[in-house]
Amino acid sequence: MDIDLLVKLLIGILGSMVGALAGLGFSTWRDHWRRPILLIDNPSGIGFRVSRVGQDVNGNHFPTVWIRVRIRNIGRSTAKNVKVYVVRYGSLSGHDPEKQRLGTDPAPLFWSHSGFVTQTDARLVASLPPGTHQFADFAVGRDEFPPLLSLNSPIDDGAFLEVAAAGNGAEVEFMAVDESGHHALKRMSFAWEGTISSLQWRT
């Protein structure tokens, strides 16, 4: 075989390989640069705690308090079908470990203002365009004695959460994940003064 032809053939093959690798690298970099980036935070005083008037089956009205967590997308593309979970919950009292577990599986949370949606699955997902946020309802409470704090989730296991004595509160770990696997984890704790309406996320 002609040496010049062989050299040209090898150069062509090498050039194709370099071009393919460069294209793959650029595509990977572009996808990484354009990916959604989820954040979970606790913006005290900005919609994280909302008071509403509820109604029981007998028509009696009572005050309720919704405790929320904010999910943000600070990336450059839409985070599609985002779900939020409580992956761990622990009363800071430490008195009764049996009441500090949510079960073996993470508990999915409903998105705020999704109550008008009749399908349960549809209430668990939301898409977040770049630069936007939504709230997920962590729990709903009533100022009774003792105060009740109920996990806002379709699961039954661990529906009522133990809350420690005034000033202690509890620690919660949240996870948000979209359909492509982009996710965020956040461990937060709250304090309170014995009433649900006094609950505050610690910064």
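Here are some notes on the fold, strand pairing and core of this predicted model.

1. Ground rules. This is a predicted model, so local features need pLDDT of at least 70 and side-chain atom pairs count only at pLDDT 80 or more, while totals for chains, interfaces and linings use all residues. Numbering starts from 1 along each chain as its sequence is written, and side-chain values use heavy atoms, with hydrogens and water left out.

2. Overall layout. There are two helices and eleven strands in the protein, where helices (H or I, at least four residues) and strands (E, at least two) are DSSP runs numbered from the N terminus. Reading from the N terminus, the order is α-β-β-β-β-β-α-β-β-β-β-β-β.

3. Burial and surface. Of the 203 residues in the protein, 36% are buried; buried means under 20% relative accessible area, exposed over 50%, and partly exposed in between, with a 1.4 Å probe and protein chains only. The protein exposes about 11900 Å², and carbon and sulfur atoms supply 57% of that area. Accessible areas here come from the Shrake-Rupley method with a 1.4 Å probe, and for residues only the protein chains shown count as cover.

4. Contact range. Take the contacts (heavy atoms within 4.5 Å) between residues at least 6 apart in sequence: 67% of them join residues at least 24 apart.

5. Pairing around β3. Strands count as paired if DSSP finds at least two bridges between them. β3 pairs with β1 in the antiparallel sense over four bridges, and here Asp 41 stands opposite Arg 70 in β3. Strand β2 (residues 49–55) also pairs with β3 in the antiparallel sense, over seven bridges, with Ser 51 opposite Val 65 in β3.

6. β3 against β7. These two strands run antiparallel and are joined by eight bridges. As for burial, β7 is largely enclosed by the rest of the structure, because seven of its ten residues are buried.

7. The nonpolar core. By core I mean a set of buried Ala, Val, Leu, Ile, Met, Phe, Trp, Tyr and Cys residues joined through side-chain atoms within 4.5 Å. The largest one has 34 residues, and Tyr 89, Phe 138, Phe 174, Phe 190 and Trp 201 touch the most other members. Elements giving two or more residues to this core are β1 (38–41), β3 (61–73), β4 (79–91), β6 (126–128), β7 (133–142), β8 (148–151), β9 (170–177) and β10 (183–191). The largest share, five residues, comes from β4.

8. Aromatic pairs. A search of the whole structure turns up four aromatic pairs. The rings considered are those of Phe, Tyr and Trp (its six-membered ring), paired if their centres lie within 6.5 Å; planes under 30 degrees apart count as stacked, over 60 as edge-to-face and the rest as tilted. Ring pairs link Phe 138, Phe 174, Phe 190 and Trp 201 into a cluster.

9. What does Trp 201 pair with? Phe 138 and Trp 201 make a tilted pair, 5.8 Å centre to centre with 45° between the planes. That pair links distant parts of the chain, with Phe 138 in strand β7 and Trp 201 in strand β11 (residues 200–201), 63 residues apart. Phe 138 is buried at a relative accessible area of 0%, and Trp 201 is buried at 3% relative accessibility. The pair of Phe 190 and Trp 201 is edge-to-face, because the ring centres are 5.7 Å apart and the planes are at 75°. Since Phe 190 lies in strand β10 and Trp 201 in strand β11, this pair ties together parts eleven residues apart in sequence.

10. A charge over a ring. Arg 123 lies over the face of Phe 110, at 3.8 Å from the ring centre. The cut-offs for this are NZ of Lys or CZ of Arg within 6 Å of the ring centre and within 35 degrees of the ring normal.

11. Two buried spots to look at. Val 86 lies in strand β4 and is buried, with a relative accessible area of 1%. The C-alpha atoms of Val 86 and Pro 106 are separated by 5.6 Å, with the two residues 20 residues apart along the chain. Ala 170 lies in strand β9 and counts as buried at 0% relative accessibility. For Ala 170 and Met 188, 18 residues apart along the chain, the C-alpha separation is 8.6 Å.
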